[in-house]
Amino acid sequence: MNNWQTFILAISSPIAVVIGAAIAPWVDSKREQRKLKRELLLKRYHSVYLPFISDLSKLPKEYDIATFNVEMIIKFVELLMQNIEYLDENTSRNVPELYQAMLDMFEYYDGNPEYSNSPIVWRTSFGMVIFSMLQGSQKITKQLGMPDITGTVSISYRPGQIIYKKIPQAPNQKE
């Protein structure tokens, strides 16, 4: 062995220790970031996506979301509003329109004739929220390696899929 090889062998071990010591905190940081991201995804999923999809799954396929009663509207909007920090970007963008559609539905159910179109607006707004929530859920379950439960939703929520029925008159409205 020549002097050059001996020198390389002599310094390779300390260099490896220094490099390992320099990389270890970075590796630990990345591991911690992945752990926190997974915990946040689980929190988002269990706080808003799972309850939302579970409630939708209980509705029959023929159910027209334009015929939601006040209690049903409040149930879904409250779930979204109370967990707004966990919503994906697409759903978050739709929430103000959905909230306004909810207020308009209250006017409709109070018999205000100026809001006769409210069920259709509600159907459109809520349909967009359903669509984005299902997409968000699929993305999260894929990242977490969990089964996709969006197939349990059987109601029609896209405008082209909705079975349009005659929307019932609000209790205080005259035909």
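At what angle do the axes of helix 2 and helix 4 cross?

1. In this predicted model, the axes of helix 2 (residues 70–82) and helix 4 cross at roughly 45° and come within 13 Å. Helix 2 is therefore oblique to helix 4, and their crossing is left-handed.

2. On the helix 2 side, the contact is made by Ile-73, Phe-76, Val-77 and Leu-80. Helix 4 contributes Trp-122, Phe-126, Val-129 and Met-133. By class, this contact has eight nonpolar residues, with no polar and no charged ones.

3. Helix 4 (residues 118–144) also pairs with helix 1 (residues 3–57): their axes come within 10 Å and cross at roughly 140°. Helix 1 and helix 4 are therefore oblique to each other; roughly antiparallel would need an angle over 145 degrees. Helix 1 passes helix 4 in a left-handed crossing.

4. From helix 1, the residues that meet helix 4 are Lys-37, Arg-38, Leu-41, Leu-42, Arg-44, Tyr-45, Val-48, Tyr-49, Phe-52, Ile-53 and Leu-56. Their counterparts in helix 4 are Phe-126, Val-129, Ile-130, Met-133, Leu-134, Gly-136, Ser-137, Ile-140, Thr-141, Gln-143 and Leu-144. The contact of helix 1 with helix 4 has 15 nonpolar, four polar and three charged residues.

Terms used: Residues numbered from 1 in each chain as written. Predicted model: local features only at pLDDT ≥ 70, side-chain atom pairs only at ≥ 80, totals over all residues. Heavy atoms only, no water. Axes fitted to C-alpha atoms, helices over the stretch in contact; angles between N-to-C directions. Helix = DSSP H or I, 4+ residues; strand = E, 2+ residues; numbered from the N terminus. Parallel < 35°, antiparallel > 145°, perpendicular 65-115°, else oblique. Left-handed = near helix turned anticlockwise from the far one by under 90°. Contact = heavy atoms within 4.5 Å. Nonpolar A, V, L, I, M, F, W, Y, C, P; charged D, E, K, R; others polar.
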